[in-house]
Each structure stands twice: as structure tokens, then as C-alpha cells.
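Biologist: I've got a model open and I'd like to learn how to read its packing. Can you walk me through it?

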Amino acid sequence: MELSAKVEYALIALLELASQPSQNGPMQIKQIAERQKIPDRYLEQVFAILRQAGIVYSQRGNKGGYMLAREPWQITLLEIFSCLEELKGSKRLQANAPSDSLLVQDVWKEAQQTAREVLQRYTLRDLCQQREARQRLGGMYYI
């Protein structure tokens, strides 16, 4: 597993949506892109995938834009990662594969499973809380 630009941009944009009170209404891609320095054309493609996956929904019209389809605590990072990136399984080894290859494949499977478990543990709400904690700490000055 690797953090692609697509997943990173999606997480940053979704963090922006999750940080906005829902009563403020939907956010436009242009707003998110400007605030987070993300190419808006690319973000449009990412949001189309997120909409199909049921993570965000769009509202048309003059004051249209995107909102989270569910509460931030209900959306896991694994769900976001999974809809944007294909979770590739290990290639099948032949029965007569060298034992060293089997060892390497076993370790790789374990690493992928651990990564999935970590991503399943975290939600958008967790990211929002960590962001707020960092912002509070960043404002402190020590003499």
C-alpha cells in the first residue's frame, strides 16, 4: 500500500468538508481547491468517485457543492482508500514456488493486513480532532 496523490487529496478535501459545520451548506470544489492548494480539475475527478461510493453527495444550483453523505465518525479512512485505490491482493504463487518466495509473500500479506486494520481504526472525525490538537499546539509559544 502506498499513499497516492489521489488518496492524499481526497483525505485533505474530506477533512475540509468534515471541519465545516453542516449548517453552512455545501462547499464548492473551487473553495476546497483554493484553500488546500489542490488542482480543482483533479479534485473534480476524485469527488466523482467519492460521490459514487456514497461518501459525499452533491447539491446542484447556485449555492451548490459537496457535503459529507454521513457523519465524519462514520467514514473510515479504509473506506476512502478502498474506493479510490484498488486493494491488490498478492499474486498467486505456484505450488512449486521457492520457499523464500513464500516467506516474502507471507510477510507482505501481514503488512497489508496491518495497514488495513490501521485505516479501519481511523475516521474523518479522528483526523479533525488531530488537526485541531496540532493547531492548538502550534499556537503556543515557549520562552
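This is a predicted model: local features need pLDDT of at least 70, side-chain atom pairs count only at pLDDT 80 or more; totals for chains, interfaces and linings use all residues.

Biologist: Where does M27 sit, and which residues is it in contact with beyond four places in sequence?

Modeller: M27 lies in the loop between α1 and α2. Beyond its sequence neighbours within four places, M27 is in contact with E16, L17, Q20, I32, R35, G65 and Y66.

Biologist: How should I think about a nonpolar core in general?

Modeller: In soluble globular proteins, nonpolar side chains tend to be buried together. Here the largest nonpolar core has 30 residues, and the members touching the most others are L14, L17, F47, L50, V56 and I80. At least two residues each come from α1 (5-19), α2 (29-36), α3 (40-52), β2 (65-68), α4 (77-84) and α6 (124-138). The largest share is that of α1, with eight residues.

Biologist: Now helix pairs. How do α1 and α3 cross?

Modeller: For a pair, look at the axis distance and angle, then at who makes the contact. The axes of α1 and α3 come within 10 Å and cross at roughly 80°. Angles of 65 to 115 degrees count as roughly perpendicular, so α1 is roughly perpendicular to α3. On the α1 side the contact uses A5, K6, Y9, A10, A13, L14 and L17, and on the α3 side Y42, L43, V46, F47 and L50. By type, that contact has eleven nonpolar residues, no polar and one charged.

Biologist: And what is the angle between α2 and α3?

Modeller: Roughly 125°, with the axes coming within 9 Å. That makes α2 oblique to α3. The crossing is right-handed. I29, I32 and A33 of α2 meet D40, L43, E44 and F47 of α3, a contact of five nonpolar, no polar and two charged residues.

How values were computed
Residues are numbered from 1 along each chain as its sequence is written. Side-chain values use heavy atoms; hydrogens and water are left out. A nonpolar core is a set of buried Ala, Val, Leu, Ile, Met, Phe, Trp, Tyr and Cys residues joined through side-chain atoms within 4.5 Å. Buried means under 20% relative accessible area, exposed over 50%, partly exposed in between (1.4 Å probe, protein chains only). Axes are lines fitted to C-alpha atoms, for helices over the stretch in contact, and angles run from 0 to 180 degrees between N-to-C directions. Angles under 35 degrees count as roughly parallel, over 145 as roughly antiparallel, 65 to 115 as roughly perpendicular and the rest as oblique. A crossing is left-handed if the near helix is turned anticlockwise from the far one by less than a right angle, and right-handed if clockwise. Contact means heavy atoms within 4.5 Å. Ala, Val, Leu, Ile, Met, Phe, Trp, Tyr, Cys and Pro count as nonpolar, Asp, Glu, Lys and Arg as charged, and the others, Gly among them, as polar.
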